[in-house]
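The following exercises concern the structure shown below.

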Amino acid sequence: MMKIILKNIWILCLSLALFTSCDDDSDLAQISSTASTGVANFSTTTLVLDKDDKEADALTINFNEPELGVASGKSYQLLFDLVGGDFSGAEIKSIEENTTVTFKTEEVNQILINLGAEPGVAAEIQVKVETILSSDTSMFSDVSTLSITPYAAELDLSSKWGLVGSATTNGWDGPDMPFYQTTDKSLDAGTFVAYVTLADGEIKIRADNAWDTNYGGSDGVLEADGSNIVVTAGTYKIVFNENDLTYSIENYSWGVVGSATTNGWDGPDMPFTYNPLFDNWVAEVTLVDGEIKIRKNNDWTVNFGDLELDGILDTEADNNIAVTAGDYSITFNPVTLEYSIK
């Protein structure tokens, strides 16, 4: 009888020791299967976004800190998806250790646009909280829903400037290949950008598809009625400043590369195209099971993956993005490094 009692005491002590030393992933996995976490609560459940208030606070989300039963380091993410989705293409916002976060109108609107919501139409959105316990262990809350109506986030496309010439799509008669304004705040005021594919030939910059105001030149400097600018065939980013009459031309393209793509890791890459409506880049691609990265100019000098899988690209090592076979729309912003895969 005494042996049985001592054996039971020993088992109890061993169990307590194991319970109080939850430092490995197996212990965390056990915690995540039994612990509870509160759902996301919203400051409002019906929201109509207004472009004129894009810098105003629009939505506050809070949730209860999970009851883990043991001490554990943790961080949080909010996952957003359209109702009916399975969160495989969710918009993800990391919020570290806070359990309350407030989003501005512009931020909420961009989340919806990235999810494919139609501007001006109420979209039913589902949100859940992910508590990250370790590199490969998470726990998820139940889903909460709200209705949000986004606005069209297009740029001011009233730029009067365009490219004309034998190297352009429509030749010297136009209509011209347009310059756009951009959300890239590193560019000076009065600066416009054109993303174009040109043939061997010549170009000039002119206003309003007419010859009344036109510029040519060389070595990055323009002058009124200046000489034609000679270019070779290629895909380019052309930057034009109407204030100081300067310009630059650089080879510029973005593509998807990797074992999941048509041409593998050697390329040529599956191309992105510029979307002036949202000042980002979009690739419509068919992929196989494998991995991808996003890179510039079919070259490894500038390339991005996502080590944390948080919707923000980075240049860390071993940051390939795993995908399964399917048809995808990939959006990418080279300024903010936000991306989505739908």
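Predicted model: local features only at pLDDT ≥ 70, side-chain atom pairs only at ≥ 80, totals over all residues.

**Exercise 1: The position of K342**

Task. Locate K342 in the chain, classify its accessibility, and list its contacts beyond four places away in sequence.

Solution. Step 1: K342 lies in the segment after β27, a strand that spans 339–341. Step 3: leaving out residues up to four places away in sequence, K342 touches G89, A90, E91, N114, L115, D327, Y328 and S329. Step 4: a polar atom of the K342 side chain lies 2.3 Å from the backbone oxygen of G89. Step 5: the C-alpha atoms of K342 and S88 are 8.0 Å apart in space, while the two residues are 254 residues apart in sequence.

**Exercise 2: Salt bridges**

Task. How many salt bridges are counted, and which parts of the chain do the pairs D57 and K104, E91 and K342, and K296 and E250 link?

Solution. Step 1: the count comes to six salt bridges. A salt bridge requires a side-chain nitrogen of Lys or Arg within 4 Å of a carboxyl oxygen of Asp or Glu.

Step 1: the side chains of D57 and K104 meet this rule, with an N to O distance of 3.4 Å. This pair links distant parts of the chain, since D57 belongs to strand β3 (residues 57–62) and K104 to strand β6 (residues 100–104), 47 residues apart. D57 counts as exposed because its relative accessibility is 55%, whereas K104, at 31%, is partly exposed.

Step 2: the side chains of E91 and K342 also form a salt bridge, at 3.7 Å from N to O. Here strand β5, which holds E91, is linked to the segment after β27, which holds K342, and the partners are 251 residues apart. E91 is buried, because its relative accessibility is 6%, while K342 is partly exposed at 30%.

Step 3: K296 and E250 form a salt bridge whose closest N and O atoms are 3.7 Å apart. The partners are 46 residues apart, with K296 in strand β23 (residues 290–296) and E250 in strand β18 (residues 246–251). E250 has a relative accessible area of 32% and is therefore partly exposed.

**Exercise 3: The cavity**

Task. How many cavities of 30 Å³ or more are counted, and which residues line the largest cavity?

Solution. Step 1: the count comes to one cavity of 30 Å³ or more. Step 2: the largest cavity holds about 40 Å³ of space. Step 3: its lining is made up of E91, I92, K93, N114, D310, G311, I312, E338 and Y339. Step 4: strand β5 (residues 91–96) supplies the largest share of this lining, three residues. Step 5: by residue class, the lining of the largest cavity divides into four charged, three nonpolar and two polar residues.

Definitions and conventions: Residues numbered from 1 in each chain as written. Heavy atoms only, no water. Helix = DSSP H or I, 4+ residues; strand = E, 2+ residues; numbered from the N terminus. Buried < 20%, exposed > 50% of the residue type's maximum accessible area, 1.4 Å probe, protein only. Contact = heavy atoms within 4.5 Å. Polar contact = N/O pair within 3.5 Å; in protein donor to acceptor, adjacent residues only side chain to side chain. 1 Å grid on protein atoms, 1.4 Å probe; cavity = no way out; pocket = protein on both sides within 12 Å on 5 of 7 lines; lining within 4 Å. Points joined across faces, edges and corners; volume = space filled by probe spheres on them. Nonpolar A, V, L, I, M, F, W, Y, C, P; charged D, E, K, R; others polar.
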